[in-house]
Amino acid sequence: MQFRSTNSDASLVSFRDVVLHCLPPDGGLYVPDRAMDIRQLFLYMNEETSFSELVAAVAPSLLEGGLNPLSASRVAESAFNFEPELIRLDDDYSLLNLCKGPTGHYKDFGIAFLAAVLEELHKDSPPAGSPALVLAAALADTGVSMTHAFSGRKGISAVLIYPAEPLTAIVPNGDFASGNIIPIQVQGTFDDCQRLVNEAINDRAFAARYNITSANTINPGRLLPQAFYYLYAFIKIKKHISGGLAFSVPCGNFGNFISGLYAWKFGMPVNGFIAAMNSNNVLGDFIKGGTFTPRPLIKTNSPALDVSIPLNFSRLESFYREAPAVMRNIVHPASIDDELTLQTMERVWKKYHLHIDSHTAVAFAAAEQTAAGLDWKGNVHTVVLATGHYAREAELIRKVTGETVAEMQSLQQKIEPAAVISPNLDAFEGIIARHFQ
Ligand SMILES: *Cc1c(COP(=O)(O)O)cnc(C)c1O
């Protein structure tokens with residue numbers, strides 16, 4: 001599979017190059033160039049197949065030439081010591097639990113895969129001189145996830161760029177001299193951090209000199225592996241369903257959602273995708289055929305979905321450019337408010353004896369709303385993506401269900417920055433240059 005920019009069809013780039021450079025020079029984002037049907041690889045897998053077996057089997061074909069079968073199984077083994085889990089609730093609904101990674105949210109999958117792939121790609125041709133640098137604008141969760149995924153990876157240093165609010169993370173060694181996780185605090189906002197990452201990558205000479213790429217979702221090396229758990233859900237559920245299959249995905253920046261669409265492009269038989277949004281229903285109009293107009297942000301109780309301009313919008317748009325009629329039939333938007341979110345957390349606990357977090361509850365309520373509207377009961381089975389571990393929201397769970405659950409511990413440690421810089425590219429490049437001569 002080759003990649004092109006969302007801004008042009010002109011040049012095609014290999015998987016290796018998109019992972020190592022991650023932003024096209026024309027200001028777009030990389031997307032797969034065309035549909036790639038790998039159905040024959042997973043259609044006949046059975047329920048016994050493990051997640052890493054699935055990844056090792058499908059990755060080499062997807063990433064033609066980027067990973068051979070041997071390196072793909074090495075990557076799968078070294079990335080995933082956690083698996084997705086499909087929980088069948090009844091005839092109409094399943095939960096795809098994506099919360100068993102180190103930070104308890106689905107983003108652990110993409111970050112873990114990217115870290116393992118980068119190590120593998122650099123093994124063949126190690127960068128000369130300094131280690132390859134992986135930059136990520138990181139709030140607490142991404143920081144923890146990155147630290148787990150990148151610690152001890154050979155030939156790579158992960159640079160976490162975070163805003164003035166304290167980053168809590170487990171960083172074994174935030175020290176330039178010996179650790180390979182480097183937290184840099186920026187005296188500015190999270191947007192400043194994100195801008196710095198993009199600017200450093202777009203300073204092509206600087207990026208080439210220090211072998212710089214990013215671990216944010218601008219890198220397709222994070223989105224593609226998320227398609228694997230959709231395929232995994234498919235092979236686990238297919239025997240148990242007679243009708244159609246749909247997925248309900250809680251959407252903020254639409255990274256997870258795009259990955260589902262990739263799984264469909266790879267040949268996964270599916271009838272629908274529900275784009276579950278909270279009151280920040282930013283892409284509802286666009287999906288229904290209107291235009292995208294950014295709106296002011298509303299603060300809700302599912303904060304990871306509080307996004308006013310989804311980072312992956314141009315990737316979604318490119319799907320609509322290619323096949324507008326298909327997209328209209330396959331994608332169903334839904335918007336769920338705070339009250340229904342809490343009611344759904346409570347109802348799921350009472351009905352199935354399972355705790356779900358607020359983001360998962362948005363997707364669950366959206367699935368129920370869509371199924372009722374389209375008369376799916378008994379016809380279409382919906383897999384609801386559980387994207388966040390409920391123990392990340394122990395307080396909310398107690399309020400809603402009256403149950404006491406232990407708070408997730410791995411997110412609690414504080415770290416010291418290796419450097420504090422002002423929010424401009426010169427300051428950032430200066431600190432990198434000083435330490436990686
Ligand atoms: C990040 C996140 C989301 C939203 O995913 P996007 O890819 O940004 O749409 C949903 N739920 C949880 C728990 C998250 O952490």
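Strands E7 and E8 run parallel and are joined by six bridges. The model is a predicted one, and this pair is a handy place to start reading it. Across the pairing, tyrosine 162 has glutamine 185 in E8 as its bridge partner. On its other pairing, E8 is joined to strand E14 (residues 419-421) by three bridges, and these two strands run parallel as well. Here valine 186 sits opposite isoleucine 421 in E14. Strand E8 (residues 181-186) has six of its six residues buried, so the rest of the structure largely encloses it. Both of its faces are covered: Ile181, Pro183 and Gln185 are buried on one side, and Ile182, Ile184 and Val186 are buried on the other.

Isoleucine 161 belongs to strand E7 (residues 156-163). Its relative accessible area is 0%, under the 20% cut-off, so isoleucine 161 counts as buried. Leaving aside residues up to four places away in sequence, isoleucine 161 touches Leu135, Ala136, Ala137, Ala138, Ile184, Val186, Cys193, Val197 and Phe428. Two of these contacts, Ile184 and Val186, are among the buried residues of E8. Serine 73 lies 88 residues from isoleucine 161 along the chain, and the C-alpha atoms of the two are separated by 31 Å.

Alanine 246 is found opposite glycine 272 in E11.

The crossing is right-handed. On the H9 side the contact involves Leu223, Leu224, Gln226, Ala227, Tyr229, Tyr230 and Leu231, and on the H10 side Gly255, Asn256, Phe257, Ile258, Ser259, Gly260, Tyr262 and Ala263. Sorted by class, that gives 10 nonpolar, five polar and no charged residues.

H10 has another helix contact, with H12. The axes of helix H10 (residues 255-265) and helix H12 (residues 313-322) come within 10 Å and cross at roughly 35°. This crossing is left-handed. Phe257, Ile258, Leu261, Tyr262, Trp264 and Lys265 of H10 meet Arg315, Leu316, Phe319 and Glu322 of H12. By class, there are seven nonpolar, no polar and three charged residues in this contact. Phe257, Ile258 and Tyr262 take part here and also in the contact with H9.

Threonine 217 sits in the loop between strand E9 (212-214) and H9. With a relative accessible area of 15%, threonine 217 is buried. Apart from residues up to four places away in sequence, threonine 217 touches Arg222, Leu223, Asn312 and Arg315. Of these, Leu223 is part of the contact of H9 with H10, and Arg315 is part of the contact of H10 with H12.

Helix H3 (residues 51-62) has 12 residues, which at 1.5 Å a residue should span 16 Å; the end C-alpha atoms are 16 Å apart, so the two agree. Nine of the 12 residues are buried, so H3 is largely enclosed by the rest of the structure. The buried ones are Phe51, Ser52, Leu54, Val55, Ala56, Val58, Ala59, Pro60 and Leu62. They pack against helix H2 (39-42), helix H4 (69-79), helix H5 (107-124) and helix H9 (220-237).

Finally, three strands form an open antiparallel sheet in the order E2-E1-E3. Strand E2 (8-13) and strand E3 (30-32) are at the edges with a single partner strand each, so one side of each has no neighbour in the sheet. Neighbouring strands are turned by 40° against each other on average, direction ignored. Strand E1 (residues 3-5) pairs with E3 in the antiparallel sense over three bridges, and serine 5 stands opposite tyrosine 30 in E3.

How values were computed: Residues are numbered from 1 along each chain as its sequence is written. This is a predicted model: local features need pLDDT of at least 70, side-chain atom pairs count only at pLDDT 80 or more; totals for chains, interfaces and linings use all residues. Side-chain values use heavy atoms; hydrogens and water are left out. Helices (H or I, at least four residues) and strands (E, at least two) are DSSP runs, numbered from the N terminus. The expected span of a helix is 1.5 Å times one less than its number of residues. Buried means under 20% relative accessible area, exposed over 50%, partly exposed in between (1.4 Å probe, protein chains only). Contact means heavy atoms within 4.5 Å. Two strands pair if DSSP finds at least two bridges between them. Axes are lines fitted to C-alpha atoms, for helices over the stretch in contact, and angles run from 0 to 180 degrees between N-to-C directions. A crossing is left-handed if the near helix is turned anticlockwise from the far one by less than a right angle, and right-handed if clockwise. Ala, Val, Leu, Ile, Met, Phe, Trp, Tyr, Cys and Pro count as nonpolar, Asp, Glu, Lys and Arg as charged, and the others, Gly among them, as polar.
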